[in-house]
Amino acid sequence: MSVPNTSSALYCRGAINGRWFAILEKDILIRIRKDIEKCIDKTVILRANKGRKKTIVREGILEAAYPNLFVVRINNEYDSSRKVSYTYTDILTGTVEVTVCSQTQPQVKIS
């Protein structure tokens, strides 16, 4: 089975019921990036899937958004901060869930 080649869509390396499926990933990633850029300097809750039924939930501040990834500063219980970075594809695939905490609005989930 061969994967069709087209410049308008990026194809996932998988099939459903024996058929290849296309996701217009480029447009979705741009929309996710714009949503993340709107939330810079806001508090977010990250839920990251680390594999083998390991899920990490952390709260931090969305610090920066770059063309291919975004950075979150996380403070832990020992008053030290660390920075973690994730790609927009992690949000698209569901590996990472980002929930924006705002005092004026209810929580907004980016996915």
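The paragraphs below go through this predicted model from its overall layout to one residue in strand 4. Residues are numbered from 1 along each chain as its sequence is written, and side-chain values use heavy atoms, with hydrogens and water left out. In this predicted model, local features need pLDDT of at least 70 and side-chain atom pairs count only at pLDDT 80 or more, while totals for chains, interfaces and linings use all residues.

The average pLDDT (the predictor's confidence in each residue, from 0 to 100) is 78, and 71% of the residues score at least 70. Over residues 1-13 the value stays under 50, and the model has 19 contacts beyond four places in sequence for them; a contact means heavy atoms within 4.5 Å. Where pLDDT is low, the predicted coordinates should not be read in detail.

The protein has two helices and eight strands, in the order β-β-α-β-β-β-β-α-β-β along the sequence. These elements are DSSP runs numbered from the N terminus: helices are H or I of at least four residues, strands E of at least two.

Strand 3 (residues 43-51) pairs with two partners described here, where pairing requires at least two DSSP bridges between the strands. With strand 4 (residues 54-65) it forms eight bridges in the antiparallel sense, and Ala48 stands opposite Ile56. Two residues lie between these strands in their hairpin, where Arg52 takes a positive phi near 50 degrees. Strand 3 also runs antiparallel to strand 7 (residues 96-101), joined by six bridges; Val44 has Val100 as its bridge partner there.

The largest nonpolar core has 20 residues, of which Ile36, Leu46, Phe70, Val72 and Val98 touch the most other members. Such a core is a set of buried Ala, Val, Leu, Ile, Met, Phe, Trp, Tyr and Cys residues joined through side-chain atoms within 4.5 Å. Helix 1 (25-38), strands 3, 4, 5 (69-75), 6 (81-87) and 7, and helix 2 (88-93) each supply at least two residues of this core. Of the 111 residues of the protein, 23% count as buried; buried means under 20% relative accessible area, exposed over 50% and partly exposed in between (1.4 Å probe, protein chains only).

Glu63, in strand 4, counts as partly exposed because its relative accessibility is 23%. Beyond its neighbours within four places in sequence, Glu63 is in contact with Ile40, Asp41, Val71, Val72, Arg73 and Lys83. The side chains of Glu63 and Arg73 are joined by a polar contact of 2.7 Å. A polar contact is a pair of N or O atoms within 3.5 Å; within protein, one must be able to donate a hydrogen and the other to accept it, and residues adjacent in sequence count only if both atoms are side-chain atoms.
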